[in-house]
Amino acid sequence: MFSEAMIELSRWQFAVTSMYHFIFVPLTLGLSWMVFIMELIYVRTGNVLYKDMTRFWGKLFGINFAIGVATGITMEFEFGTNWSNYSHYVGDIFGAPLAIEGLLAFFLESTFIGLFFTGWNRMSKKTHLVVTFLTALGSNLSAMWILIANGWMQYPEFAVFSPEKMRMEMVDFFGLVTSPVAQVKFAHTVCSGYITASFFIIGVSAFYMLKKRHLLLAKRSMTLGIAFCLCAMGGSALTGDLSALQVTEHQPAKLAAMEAEFETQEPPASWNILALPSQSKMDNYISIRFPALLGLIATHSLDTPVMGLRDIVAQNETRVENGGMALTALNKIRSGTASEEDRAVFEEHQDDLGYGLLLSMYAQDVSAPTELEIQTTAHNSVPPVLISFVSFRAMMGLVGIIGVLVLGAAFFLWYKKDLHNREKILKALVFAIPLPFLACEFGWILAEVGRQPWAIQDILPTALATSSLSTVDVGLSLLCFIGIYSLFLFIELTLMYKAVQRGPEISDQEAHGGSYAV
């Protein structure tokens with residue numbers, strides 16, 4: 001059995017690397033399409049202002065892309081170093097979309113981003129536009145394949161368990177790719193990236209307006225940013241709603257955790273606006289509720305109950321018992337001592353095998369667990385409530401409330417053609433740049449913490465997915481990653497700041513009415 005310290009450090013290492021990486025991913029997803037839109041306008045109109053906009057924002061996209069690659073490429077290696085049991089157990093399914101992402105999407109975007117920067121004077125305008133389009137397409141396809149893999153972790157269908165090989169094996173690749181959970185997850189993530197890029201362009205444009213620099217570029221960029229952001233926010237709201245419905249159906253424990261819902265209420269369930277949950281007591285110390293709202297959000301109905309954690313844990317006790325029988329029968333099958341009755345028991349209860357694996361972490365003998373061991377396993381089969389509850393509300397509050405208010409004020413003043421004169425709103429737009437970045441981070445925390453204690457939902461416990469490493473090895477590598485990734489973040493911010501301060505390169509001063517003057 002692995003040490004708890006090593007398991008926690010392995011989780012922290014992957015969490016740190018993925019969260020650092022996810023600082024750069026959303027901006028790449030959105031900025032790539034906005035750069036394409038700018039160049040499309042340039043090709044259609046011939047207005048060199050949009051060419052300069054394309055090259056300026058494209059430079060910022062390139063900086064972000066390069067640092068994003070540097071932070072992300074190590075993550076796939078971590079599956080072999082820190083999570084080798086995970087790689088063995090589910091590599092047949094999980095590895096396929098990651099391999100396609102590397103061979104197709106990543107190489108596509110990496111190749112064409114080079115042509116984007118070097119091809120301005122070597123190819124026609126339309127050919128360069130195609131290059132920009134393929135760069136954006138590759139960036140978003142890369143995210144799609146990664147989220148297909150992650151979506152399977154949340155909804156592990158289209159695979160069967162092989163007792164002989166002790167691993168999951170894919171049976172339906174098309175089903176894996178078209179999984180509604182994966183596709184909605186992808187759509188919601190890219191919409192979040194589009195919001196992030198929009199806020200970035202809006203904020204930098206507001207900075208130029210405050211400094212009275214590059215005003216025409218800033219105004220046109222602001223217009224595109226606001227329009228793109230409004231569309232992205234609509235898409236984010238729609239896909240977020242669809243995601244909530246899927247969580248209700250496939251991951252009821254995650255839903256109950258992120259809503260601090262311990263008791264199953266009579267429908268329609270009320271919604272916790274504010275709560276102070278106690279997971280040990282399975283209750284809230286404080287709870288301020290809004291009538292009927294949770295029922296409407298989670299089920300789109302007024303007569304469907306939303307299951308609370310107490311009932312989920314009670315149901316999981318049965319799954320733990322069944323899982324213990326499945327694991328006992330599996331051990332006999334693998335040792336060659338199984339009878340036909342043992343094989344029948346395994347076939348009957350193999351859907352709960354993951355709970356048997358979870359039971360093995362708490363029981364001395366999974367073939368004869370005590371009542372306390374079963375209850376302890378079931379109690380620990382649901383996600384951490386406090387982190388899930390706070391991260392969901394932080395994600396919603398940063399963009400769903402603060403972001404919408406700031407954008408709404410900017411849109412109103414833009415519509416009135418008075419935005420460039422409103423210093424306080426412009427400053428607010430500059431300071432709002434980090435909001436969607438933080439919201440994306442909290443959303444990722446919710447997605448991953450809300451699945452715990454499972455690496456693969458209901459199939460493989462996280463604690464059994466790790467490699468046989470020493471605590472010292474994992475701790476030292478974690479410190480190294482924090483130091484190196486912090487350096488990368490500092491480099492990113494420095495390069496971005498200098499590029500913004502330097503401003504765009506001017507193709508034709510007269511074409512911009514002198515608006516590029518410092």
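Modeller: Buried means a relative accessible area under 20%, exposed means over 50%, and partly exposed lies in between, with a 1.4 Å probe and protein chains only. Helices (H or I, at least four residues) and strands (E, at least two) are DSSP runs, numbered from the N terminus. The model is predicted: local features need pLDDT of at least 70 and side-chain atom pairs pLDDT 80 or more, while totals for chains, interfaces and linings use all residues. Residues are numbered from 1 along each chain as its sequence is written, and side-chain values use heavy atoms, with hydrogens and water left out.

Biologist: Which residues of helix α13 are buried?

Modeller: In α13, residues 371-379, they are E373, I374, T377 and A378.

Biologist: What puts them on the same side of α13?

Modeller: They cover an arc of only 130 degrees around the axis, so they lie on the same side of α13. The arc is that of the directions from the helix axis to the C-beta atoms. Their cover includes α10 (309-335) and α12 (353-359), where contact means heavy atoms within 4.5 Å.

Biologist: What is the value of phi of K212?

Modeller: Phi of K212 is near 60 degrees, a positive value in a residue other than glycine. Most residues other than glycine have a negative phi, and most peptide bonds are trans. D458, in the loop between β5 and β6 (460-461), also has a positive phi, near 65 degrees.

Biologist: What is omega of the peptide bond from P267 to P268?

Modeller: Omega is near 0 degrees, and the bond is cis. P268 lies in the loop between α8 and β3. The bond from Q452 to P453 is cis too, with omega near 10 degrees. P453 lies in the loop between α16 and β5 (454-456).
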